[in-house]
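Work through the exercises below with the model open. Try each task before reading its solution.

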Amino acid sequence: MVEATFRPRGPFSLRDSAVWASDATRRFDGRILVGLFEVEDGVARACAWQNGDGRVELRSHSEEALEQLRTVLPLDADHSEFLRRFADDPLLGRTIRVLPGKRPLRVGSVTQSLVRAVCGQLIAAGRARRIERSLIRSTCETDGVFFVPPTPACFAGRAPAELQRYGLTARKASTIVRLCRTLDLERLRGLTPSGVAERLERERGLGPWSVGVIGLEGLGCYDFGLVGDLGLIKLCTAMLGRPAEPPDTAELLARYGEWQGIASRYLLTGLGRGLLPVRYERGMPAAA
């Protein structure tokens, strides 16, 4: 058994950060995060939990799996400056006070973040996650419960028509296959945020929202906001008193500068939990 203990830099709550982290590759039960990873001699699980003093404990039978789980957890991604700068923000202030330790968790591979981004384009989050789970279960190794995070090889050899069976449109299926064949997705971690954005925005089938998802969940980068997110469009509709469009969300996020990515998550969480000073009613925007 391999064990390691880490003290996060800045405020961090695994419970608040991992609340929606469960997917085909991992599960969070409210206290312990367990995930499956590909290692040299097969697959191995690793788990993490947080002690009362804030330290995060990691445990696995494989040092490789433990290190991969370590990269999923944003323990070094200190967002204290974001908390300080926007503590009195009219929209985010209350959410920041209630959830100061919330940070976006990364998925197990950049490829998985691409799949998540493409699946989630312009459809409800629940349906997108079901499609993502089906794709990973159909292509990735498993230990009978969990599946390892996908690599480009999982989809590069597939025909787009095969992926359509799991609910993808032809355009989305083609985008995943083409990018897995032509782009070294996992090496994007070595590029600067501006370099990543420039590279991804040249690709057909990827817009600002998809780049934001890949940046946040694949690369652990806070620079890219979730422009055009359906939840943020609802928020902007409530704020503006008219049906909002994606450019309205870009304008909203611009005020958060290099923190647009994490601000997106705080805005969406705050909206969902009633922590923002607006409310959205179907068909009728209204200020609280």
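A salt bridge here is a side-chain nitrogen of Lys or Arg within 4 Å of a carboxyl oxygen of Asp or Glu. The model is predicted, so local features need pLDDT of at least 70 and side-chain atom pairs count only at pLDDT 80 or more, while totals for chains, interfaces and linings use all residues. Residues are numbered from 1 along each chain as its sequence is written, and side-chain values use heavy atoms, with hydrogens and water left out.

**Exercise 1. Salt bridges**

Task: Find how many salt bridges there are, then work through individual pairs.

Solution. 

Step 1. Apply the cut-off. The count comes to 17 salt bridges.

Step 2. Take Glu 162. Its partner is Arg 158, with the closest N and O atoms 3.7 Å apart. Glu 162 is partly exposed, at 24% relative accessibility. The scale is this: buried means under 20% relative accessible area, exposed over 50%, partly exposed in between, with a 1.4 Å probe and protein chains only.

Step 3. Take Arg 70. It pairs with Asp 76, at 2.7 Å between the closest N and O atoms. Arg 70 is buried at 13%. Asp 76 is partly exposed at 42%.

Step 4. Take Arg 45 and Asp 143. Their side chains meet in a salt bridge of 2.6 Å, N to O. Arg 45 sits in strand E4 (residues 42-50) and Asp 143 in the loop between helix H6 (125-139) and helix H7 (153-156), so the bridge ties together parts that are 98 residues apart in sequence. Helices (H or I, at least four residues) and strands (E, at least two) are DSSP runs, numbered from the N terminus. Arg 45 is partly exposed at 38% relative accessibility. Asp 143 is also partly exposed, at 32%.

Step 5. Look for linked pairs. Asp 23, Arg 26, Arg 116, Glu 132, Glu 217 and Arg 265 form a network of salt bridges.

**Exercise 2. The surroundings of Arg 26**

Task: Is Arg 26 buried or exposed, and which residues does Arg 26 touch?

Solution. 

Step 1. Locate it. Arg 26 lies in strand E2 (residues 26-28).

Step 2. Read the accessibility. Arg 26 is buried, with a relative accessible area of 6%.

Step 3. List contacts (heavy atoms within 4.5 Å). Not counting residues up to four places away in sequence, Arg 26 touches Ala 21, Leu 33, Val 34, Gly 35, Val 72, Leu 105, Arg 106, Val 107 and Phe 146.

Step 4. Check the polar atoms. A polar side-chain atom of Arg 26 lies 2.7 Å from the backbone oxygen of Arg 106.

**Exercise 3. Nonpolar cores**

Task: Which residues have the most contacts inside the largest nonpolar core?

Solution. 

Step 1. Set the rule. A nonpolar core is a set of buried Ala, Val, Leu, Ile, Met, Phe, Trp, Tyr and Cys residues joined through side-chain atoms within 4.5 Å.

Step 2. The largest core has 66 residues, and Phe 82, Leu 135, Ile 176 and Leu 267 have the most contacts inside it. Helix H5 (residues 110-119) gives the most to this core, with six residues. Apart from it lies another core of 21 residues, including Ala 4, Phe 37, Ala 46 and Leu 69.

Step 3. Inspect Phe 82. Leaving aside neighbours within four places in sequence, Phe 82 contacts Leu 92, Ile 96, Trp 259, Ile 262, Ala 263 and Tyr 266.

Step 4. Inspect Ile 176. It belongs to helix H9 (residues 170-182). Ile 176 is buried, at 0% relative accessibility. Beyond four places in sequence, Ile 176 touches Val 115, Val 118, Leu 135, Phe 155, Leu 163 and Leu 168.

**Exercise 4. The two sides of H13**

Task: Which residues of helix H13 (residues 246-254) are buried, and which are exposed on the other side?

Solution. 

Step 1. Pick the buried residues. They are Asp 248, Thr 249, Leu 252 and Leu 253. They cover an arc of only 130° around the axis, which puts them on the same side of H13. The arc is that of the directions from the helix axis to the C-beta atoms.

Step 2. Turn to the other side of H13. Pro 247 and Glu 251 are exposed there.

Step 3. Find the cover. Helix H12 (230-240) and helix H14 (260-272) are among what covers the buried residues of H13.

**Exercise 5. Cysteines**

Task: How many disulfides does the structure hold?

Solution. 

Step 1. Apply the cut-off, a pair of cysteine sulfur atoms within 2.5 Å. The structure holds zero disulfides.

Step 2. Check Cys 180. It is in no disulfide, and the nearest cysteine sulfur, that of Cys 154, is 8.1 Å away. Cys 180 is buried at 5%.

Notes:
Polar contact = N/O pair within 3.5 Å; in protein donor to acceptor, adjacent residues only side chain to side chain.
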